[in-house]
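Here's a quick briefing to read alongside the model. Have the viewer open and follow along.

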Amino acid sequence: MAVVMLVEDEELISTMVEINLKREGFDVVSFGASEPALEYLETGSCDVILLDIMLPGMNGPEALKEIRGRGITTPVLMLTARHDLDLKVGTLESGADDYLTKPFDMEELLARIRVLLRRKD
Amino acid sequence: MRALRGIRERLGATLGWTWTHRHHVLFGGSLFFLTLLMAWWTLFLKESVDRERADSQQILQLRIENYASVLGHQLVPPQPDVLDSEKNISLLACPDPPDPFTVQLSPHHPTWCLTPSELSISSMDRQYRLRNAMVFGEGALSFLLILVTGLMLYRLLDAEKRASQELQEIWSRVTHEIKTPITGIKALLQTLEKQELSPDELRPLLKLGMREVERQEKLAENLLIGQRLARGFYQLQTSRLELVAFLRNYLEHQVIRIPREQVSSNVGGFETLLVQADPNALRVILDNLVENSVKYSDKKLLLQVFIEELDGAVMIHLKDNGPGFEPSQSRKVFDAYKRLSAELPKGKQGTGMGLHISRRLAVEMGGELTAESAGVGFGATFTLTLRVARSDPGGSSDKEKK
């Protein structure tokens with residue numbers, strides 16, 4: 001069973017994504033900030049990372065840099081409500097595999113996660 | 001081949017840089033061209049002044065030669081006084097060796113010569129110096145004018161560019177604030193559409209959904225009030241308001257945002273307090289202050305709400321244990337669209353309008369809103385001061401139209 005790590009500080013979004021992922025048969029590890037997520041990655045693992053860009057403390061792009069810096073190649077899907085082109089290009093160039101703008105459709109999010117998993121396999 | 005590629009790359013980089021900074025290049029180029037034009041014009045005028053001086057000298061010389069010829073043919077010796085005072089020409093004994101500026105009175109008085117008088121030479125020199133100073137002065141002034149105008153224009157363009165970037169950033173923040181609650185609500189509705197949830201599962205989700213709807217509602221309200229205040233037609237309905245009951249009711253409704261045990265208050269210790277306030281504006285101010293504390297709290301939020309009556313005013317203090325700010329920033333926190341991003345936890349979004357609007361509303365009600373903090377990491381205290389209402393029932397309502 002694939003494990004999805006969700007890093008999102010908005011409680012409702014995080015809860016709803018978690019419910020939907022679990023319904024689709026994924027295991028979910030969820031964090032409200034980057035720091036505990038990075039701590040988890042020191043010992044644990046996952047198949048896909050859903051990473052919000054605006055996070056308290058260390059933000060999404062910084063966390064992504066840290067993840068790739070550690071040599072972790074797990075596919076990362078960035079989530080954000082901002083649609084600045086520079087931000088999108090910047091995160092993709094820093095090692096993100098995909099990008100989804102809020103408000104997104106739950107079906108689209110699930111489809112993109114499946115694509116990332118297929119690509120990984 | 002490598003050298004050629006290097007040149008091509010360098011040329012490409014230069015052209016790329018020029019295109020990226022085309023406005024600056026165009027601006028700087030125009031300024032440079034204008035300065036060159038001004039320098040050329042100054043040199044041209046200087047040349048004219050020099051030519052004019054040479055012409056004057058030549059005319060004087062011709063006049064002297066003419067007089068020398070006339071006087072040289074007269075048998076009577078020349079009268080030095082008349083020449084000096086009337087013609088600006090001096091009569092003197094011819095120098096040996098001959099001077100190029102002197103002309104002999106040939107053929108009858110060859111020992112006498114004529115030369116320009118001291119007065120005419122100094123007058124010509126003074127005129128020449130004056131004209132030169134004028135030309136260079138005009139040139140320097142024009143250069144200074146070009147420089148100042150260029151500098152002012154550059155600053156204007158730069159300010160406009162920064163304002164445009166700031167506006168883009170503000171809209172980006174507002175868009176984020178609008179989209180985030182919508183994302184949660186949309187996800188909730190899409191889930192409910194596809195999935196049966198038990199009442200126990202559903203209840204907390206609906207509570208979260210409700211909180212997001214309220215967040216959206218407050219954002220819309222802030223944007224609307226901000227716009228109306230900026231345009232000067234926000235209508236304030238200030239009247240006598242019983243503050244104790246209002247605050248009790250308000251705090252009771254905050255449990256949706258902050259658990260009861262995290263809020264302490266001395267409101268219960270008061271019987272009644274009458275203030276001059278617009279209940280809607282007061283609610284908006286308190287909402288923004290509470291939202292501010294909730295949003296920027298990086299640990300378990302502890303909020304203290306206490307009131308005091310002092311010298312005909314009532315003060316409502318909201319003290320939190322959040323990140324606080326540098327004491328020097330206590331006025332800046334109220335600037336429109338200002339977020340003390342360097343001091344606040346990163347990644348926290350907001351429109352930057354809440355505190356600005358709150359202070360404007362407090363002032364419109366005849367009160368004040370101030371902020372205090374002992375420094376970053378020491379929490380913040382916001383104090384809303386309201387006027388105590390007059391006790392006579394006749395003055396119970398004083399509506400202000402803005």
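A:Leu77 stands opposite A:Asp98 in E5(A), and four bridges join E4(A) to E5(A), which run parallel. This is a predicted model, where local features need pLDDT of at least 70, side-chain atom pairs count only at pLDDT 80 or more, and totals for chains, interfaces and linings use all residues. Residues are numbered from 1 along each chain as its sequence is written, while chains are lettered from A and ligands numbered from 1 in the order in which they are written.

**The sheet of chain A**
- Chain A comes to five helices and five strands, where helices (H or I, at least four residues) and strands (E, at least two) are DSSP runs numbered from the N terminus.
- From the N terminus on, its elements go β-α-β-α-β-α-β-α-β-α.
- The five strands form an open sheet in the order E2-E1-E3-E4-E5 (chain A), with parallel pairing; two strands pair if DSSP finds at least two bridges between them.
- At the edges sit E2 (27–31) and E5 (98–101) of chain A, each pairing on one side only.
- Twist from one strand to the next averages 20 degrees.
- H3(A) lies across E1, E3 and E4 of chain A, at about 150 degrees to E3(A).
- H5(A) lies across E1, E3, E4 and E5 of chain A, at about 175 degrees to E5(A).
- For these angles, axes are lines fitted to C-alpha atoms (for helices over the stretch in contact), and values run from 0 to 180 degrees between N-to-C directions.

**Cores**
- What counts as a nonpolar core is a set of buried Ala, Val, Leu, Ile, Met, Phe, Trp, Tyr and Cys residues joined through C-beta atoms within 7 Å.
- Buried means that 20 or more other C-beta atoms lie within 10 Å of a residue's own, with C-beta atoms placed from the backbone; exposed is 12 or fewer, and partly exposed is in between.
- The largest nonpolar core has 36 residues, and A:Val4, A:Val7, A:Leu50 and A:Leu51 have the most contacts inside it.
- Elements supplying at least two residues each to this core include E1 (3–7) and H3 (60–69) of chain A, and also H4 of chain B.
- H1(A) gives the most to this core, with five residues.
- Leaving out residues up to four places away in sequence, A:Val7 touches, among others, A:Phe31, A:Leu50, A:Leu55 and A:Ala63; contact here means C-beta atoms, placed from the backbone, within 7 Å.
- A second, separate core of 33 residues includes B:Leu289, B:Ile307, B:Met353 and B:Ala380.

**Where A meets B**
- Across the interface, 23 residues of chain A are in contact with 24 residues of chain B.
- H1(A) gives the most to chain A's side, with nine residues.
- By class, that side has 12 nonpolar, four polar and seven charged residues.
- In this scheme Ala, Val, Leu, Ile, Met, Phe, Trp, Tyr, Cys and Pro are nonpolar, Asp, Glu, Lys and Arg are charged, and the others, Gly among them, are polar.

**Helices of chain B**
- H2 (residues 22–72) and H4 (residues 118–194) of chain B pack at about 175 degrees, with their axes 10 Å apart.
- H2(B) and H4(B) are therefore roughly antiparallel to each other (over 145 degrees; under 35 is roughly parallel, 65 to 115 roughly perpendicular and the rest oblique).
- Their contact has 14 nonpolar, eight polar and three charged residues.
- H8 (residues 354–364) of chain B is mostly covered, with nine of its 11 residues buried.
- Cover for the buried residues of H8(B) includes H5 (199–231), H7 (279–296), E10 (368–372) and E11 (381–388) of chain B.
- Just after H8(B), B:Gly366 takes a positive phi of about 90 degrees.

Note on methods. Contact = placed C-beta atoms within 7 Å.
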